[in-house]
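This report concerns the secondary-structure packing and the charged contacts of a single model. Please consult the sequence and coordinates shown here alongside the text.

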Amino acid sequence: MKTSRRKFLKVAGLSAFALAGGMTALAGEAGAQVAPGKYIKREGMLSAKRWAMVIDTRRFTSEADYAPLIAACNKAHNIPDIPGDRNVKWIWTDTFDHVFPDDMNNHLNAAVRAKPYMLLCNHCTNPPCVRVCPTQATYRMEDGIVAMDYHRCIGCRFCMAGCPYGARSFNFIDPRLHLADPVPNPAFPTRMIGVVEKCNFCVERLNEGKLPACVEASDGRLLFGDLEDPNSTVRKALAANYSIRRKPSLGTQPGVYYLI
């Protein structure tokens, strides 16, 4: 009996060691995430000290202008199309007063207030969603992206309560039964019922040397780059134009800027 038990433990230990080694190798080959907030660098991937997005709202006049951006995001990330108030959204639009409730300038051009504005996760420097998550299912990466680990998510929705921007959606219904595209994108995992999801700044595309899907579809109306690089497109745009951010009084330091 003792000999049998000793053999079992030996085999189990070797199996666990081999499995761990195999997973490490796979992570290294894919340039995948190996710990919350850290990625293995690989040739060709885009990197930054602090990723940020600039939305040139002057070049958007209607809901139709945002449609290609939303469609590109939905297709890239297998976002379901669930009717009613349980729909899942990564990018959406709303009115000026709802997007910028802290704005105290009552004398802006009427056209500025009348237009719809694009919303998404703000990838904050001080994200309250990360602080309240009990499982580290949501975490801030070294490059400023606030990411999600769907396998760690227990569906408590603390992050939804903590996010002051309403940027997260909960899968009340099995999203795999409501995919907008009948042919899912194999490059991005579909989610399951009972988990939270949101915009991830297309971290999986950055890992392949590509810009975010919405930026690629924007015809130059969205800019994406390193906020810490004075020569980046986002820094140059912010230096040359007037910009605002959502709810700046909260101190979250959003990574999404709006040119007005």
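## Sheet and its packing helix

Ile-244 stands opposite Tyr-258 of strand S12. S12 (residues 256-259) and S11 run antiparallel and are joined by two bridges; strands are counted as paired if DSSP finds at least two bridges between them. This is a predicted model, in which local features need pLDDT of at least 70 and side-chain atom pairs count only at pLDDT 80 or more, whereas totals for chains, interfaces and linings use all residues. Residues are numbered from 1 along each chain as its sequence is written, and side-chain values use heavy atoms, with hydrogens and water left out.

The open sheet comprises four strands in the order S10-S3-S12-S11, with mixed pairing. Helices (H or I, at least four residues) and strands (E, at least two) are DSSP runs, numbered from the N terminus.

## Helix H2

Helix H2 (residues 63-76) has 14 residues and should span 20 Å at 1.5 Å a residue, which agrees with the 20 Å between its end C-alpha atoms. The expected span is 1.5 Å times one less than the number of residues.

The buried residues of H2 are Asp-65, Tyr-66, Leu-69, Cys-73 and Ala-76 (buried: under 20% relative accessible area; exposed: over 50%; partly exposed: in between; 1.4 Å probe, protein chains only). They pack against strands S4 (92-94), S5 (117-119) and S10 (222-226), and against helix H8 (213-216). Just after H2, Asn-78 adopts a positive phi of about 50°.

## Salt bridges

The structure holds six salt bridges, each a side-chain nitrogen of Lys or Arg within 4 Å of a carboxyl oxygen of Asp or Glu. Among them is Arg-113 with Asp-97, whose closest N and O atoms are 3.0 Å apart. This pair links helix H4 (residues 110-114) to helix H3 (residues 96-99), its members lying 16 residues apart.

Arg-205 pairs with Glu-216, the closest N and O atoms again being 3.0 Å apart. Arg-205 belongs to helix H7 (residues 203-206) and Glu-216 to H8, eleven residues apart. Arg-205 is buried, at 13% relative accessible area, whereas Glu-216 is exposed, at 56%.

Conventions: Contact = heavy atoms within 4.5 Å.
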